[in-house]
Amino acid sequence: MFNNYGKKAVLAFGVLVGALTATAHSQSEKAIKIATEGAYAPWNFTEAGGKLAGFEIDLLENLCPRMKVKCELIVQDWDGLIPALNAGKFDAIVSGMLTTKEREKVISFSRNYATGSAAFLVRKDSPLAEMAFGKKYDLEKEPEQARAAADEMRKAMKNSVIGGQGATTAAQIMKDMFPDIEYKEYKSTEQHDLDLAAGRIDAIMASPVTLDQALAHIGADQVMFAGAEFTGGPLGGGQSVGLRKEDTELKALFDEAINAAIADGSLSKLAIKWFKRDITPSQ
């Protein structure tokens, strides 16, 4: 049995996604509580009126019926997701979380439902706009090439401030690859987007799909992609469902459902809808 199933969900901020509980479900089906940040567009975000939307919300609407479970969503701040999961406040995390070696020390993950990378969105009036764009480096398979690219970028980054969401792999990459560059952490992506638009920081480091949203909001007349894109290493194996280590049965259900969504093209369609690019992993 899964831990804490059947308990009535106490939803942070009073947000409940009723669409995820299909009326056709029988009373005998298990109920699971799933946490998401609700502030990480386009993966997950909160619309006016408190309704959750985004790629992962649509993904759960696809996966939960496949798993034959009732899913209730809880909004939880990003930095409290893993502690609250292990404390039993909910049963799974679906919030753009990358599988990494560090996180695997304390929780388990499903197979990935998206591929992960990190890139830079910079102000056009910043020296960072001169950084060469278009190269991608695997931090695990190409460490020397990645380090050389970062060293070259650091020349342009001198005296710059790079922003990113706190407790993410971006912070770790900045610490490891750009140790002498000032890095400012934000609680949400909306906050660093506002500071980039206002010129209070020179760039944002985040996943390209997140930066696509910032580019659309701020405008291509003010910001642009520049510098190298990084994969592997602390970016791990892509975005996955976070689970308690003992919940092996739930992991198996998610793995099977995600594989099925990849196989029938459902996941690819959702990725194109929300990201305008296919970030579907191989099966």
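Author: Helices (H or I, at least four residues) and strands (E, at least two) are DSSP runs, numbered from the N terminus. Helix 5 is followed by G199, whose phi is positive, near 80 degrees. Residues are numbered from 1 along each chain as its sequence is written. The model is predicted: local features need pLDDT of at least 70, side-chain atom pairs count only at pLDDT 80 or more, and totals for chains, interfaces and linings use all residues.

Reader: Which residues of helix 5 are called buried?

Author: Buried means under 20% relative accessible area, with exposed over 50% and partly exposed in between (1.4 Å probe, protein chains only). In helix 5 (residues 189-198), T189, H192, D193, D195 and L196 are buried.

Reader: Why are they said to line one face of the helix?

Author: The arc is that of the directions from the helix axis to the C-beta atoms. Seen down the axis of helix 5, the buried residues fall within an arc of 165 degrees, so they line one face.

Reader: What makes a space a cavity, and what makes it a pocket?

Author: Both use a 1 Å grid over the protein atoms alone. In a cavity, a 1.4 Å probe fits but cannot get out. A pocket is an open set of points with protein on both sides within 12 Å along at least five of seven lines. Lining residues have an atom within 4 Å of a point.

Reader: How many cavities of 30 Å³ or more are there?

Author: The structure holds 1. The largest cavity has about 230 Å³ of space. Its lining has 21 residues, and Y40, L98, T168, T169 and S207 are the closest to its centre. Strand 10 (161-165), helix 4 (169-177) and strand 12 (203-206) each give two or more residues to that lining.

Reader: What is the volume of the largest pocket?

Author: About 320 Å³. Of its 14 lining residues, T100, K101, E102, R103 and Q172 are the closest to the centre.

Reader: Which strands does the open sheet hold, and in what order?

Author: The order of its 5 strands is 11-10-12-8-13, with mixed pairing. Two strands pair if DSSP finds at least two bridges between them. Strand 10 and strand 11 have 5 bridges, in the parallel sense, so they count as a pair.

Note on methods:
Side-chain values use heavy atoms; hydrogens and water are left out. Grid points are joined across faces, edges and corners, and a volume is the space filled by probe spheres set on the points.
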